[in-house]
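Visitor: Could you take me through some of the labels used for this structure? I would like to see how each one is reached.

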Amino acid sequence: MSNIQDKVVIITGASSGIGEVAAKELASKGAKLVLAARREDRLQKLQEEVEQSGGTAIYKVTDVTSHEQVEELASYALQEFGKIDVLINNAGVMPQSFLFKKKINEWDMMIDINIKGLLYGIAAVLPAMREQKSGHIINLSSIAGHNVYPGGTVYCATKHAVRAITEGLRQEEAISGTQIRTTNISPGAVSTELTEGITDAELKQAYDELYQGAIKAESIARAIAFAIEEPGDVAINEMIIRPTTQQA
């Protein structure tokens with residue numbers, strides 16, 4: 001039997017891209033899904049697709065920048081399924097711009113979603129995971145969490161933060177003996193809607209060219225499934241996944 005079978009998995013940013021594809025991958029392996037995103041029409045459609053394929057899924061419209069909404073999401077999962085086995089912190093945005101352009105609203109958005117939203121997710125599920133003495137928190141960072149490049153300074157900072165938070169959580173839970181696993185996944189160029197949030201025309205063109213060689217989101221979904229699939233005493237802590245031809 002798959003180690004994913006009957007695991008309750010919360011996925012943020014489930015309405016498109018990696019989140020959507022990961023939901024379908026995990027549902028095919030028997031996971032019970034709790035889908036979260038802001039676009040209800042997308043969530044409804046995904047839930048229907050999962051159920052039509054024989055899977056189990058519920059959803060809750062959630063804005064990860066709201067601590068209260070993320071707490072309500074975790075409570076909903078516990079109410080419906082009685083446990084939370086896995087949290088996939090997938091929600092994220094990637095506007096790119098040079099600092100001198102002072103796109104402060106975009107900086108705030110990245111910090112609120114990429115960092116604070118991720119922390120809210122961890123805070124919401126940790127009490128239940130600690131009580132059951134098991135759990136798995138999977139955070140989606142980026143290759144930008146390993147490198148820094150012009151035009152991506154703030155985005156890189158947020159994704160470095162994701163890696164730091166994931167490692168700090170790993171160490172804290174290792175000390176406590178709760179058997180909570182952590183996984184940081186750093187994708188390179190992946191074919192999703194992420195680049196649509198770039199408002200700088202010059203940088204958008206450069207990213208459109210880079211993303212011509214992007215890999216499919218299914219590759220990241222399989223990596224997520226692999227990390228979950230490992231036995232409970234094994235933690236896949238870090239994965240970098242990018243196109244073979246991507247240089248940086």
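**How the labels are reached**

Guide: This is a predicted model. Asp 200 touches Gln 96, Lys 101 and Lys 103, leaving out residues up to four places away in sequence. Asp 200 sits in the loop between strand E6 (180-187) and helix H6 (201-210).

Visitor: Why is Asp 200 called buried?

Guide: Buried means under 20% relative accessible area. Asp 200 has 4% relative accessibility, so Asp 200 counts as buried.

Visitor: What makes the pairing of the side chains of Asp 200 and Lys 101 a polar contact?

Guide: The limit for such a pair of N or O atoms is within 3.5 Å. The side chains of Asp 200 and Lys 101 are joined at 2.5 Å. The side chain of Asp 200 also reaches the backbone nitrogen of Leu 203, at 3.0 Å.

Visitor: Why is Ser 53 called exposed?

Guide: Exposed means over 50% relative accessible area. Ser 53 is at 66%, and therefore counts as exposed. Ser 53 belongs to the loop between helix H2 (40-52) and strand E3 (56-61). A polar atom of the side chain of Ser 53 lies 3.1 Å from the backbone oxygen of Glu 49.

Visitor: And Thr 12, is that residue buried or exposed, and how do you know?

Guide: The cut-off for buried is under 20%. Thr 12 has 5% relative accessibility, so Thr 12 counts as buried. Thr 12 lies in strand E1 (residues 8-12). The side chain of Thr 12 reaches the backbone nitrogen of Ala 91 at 3.0 Å. Leaving aside neighbours within four places in sequence, Thr 12 is in contact with several residues, among them Ala 36, Val 64, Leu 73 and Ala 91.

Visitor: Which residues make the contact?

Guide: On H1 they include Gly 17, Ile 18 and Val 21, and on H7 they include Ala 217, Glu 218 and Ile 220. The residues of the contact of H1 with H7 divide into ten nonpolar, one polar and three charged.

Definitions and conventions: Residues are numbered from 1 along each chain as its sequence is written. This is a predicted model: local features need pLDDT of at least 70, side-chain atom pairs count only at pLDDT 80 or more; totals for chains, interfaces and linings use all residues. Side-chain values use heavy atoms; hydrogens and water are left out. Helices (H or I, at least four residues) and strands (E, at least two) are DSSP runs, numbered from the N terminus. Buried means under 20% relative accessible area, exposed over 50%, partly exposed in between (1.4 Å probe, protein chains only). A polar contact is a pair of N or O atoms within 3.5 Å; within protein, one must be able to donate a hydrogen and the other to accept it, and residues adjacent in sequence count only if both atoms are side-chain atoms. Contact means heavy atoms within 4.5 Å. Ala, Val, Leu, Ile, Met, Phe, Trp, Tyr, Cys and Pro count as nonpolar, Asp, Glu, Lys and Arg as charged, and the others, Gly among them, as polar.
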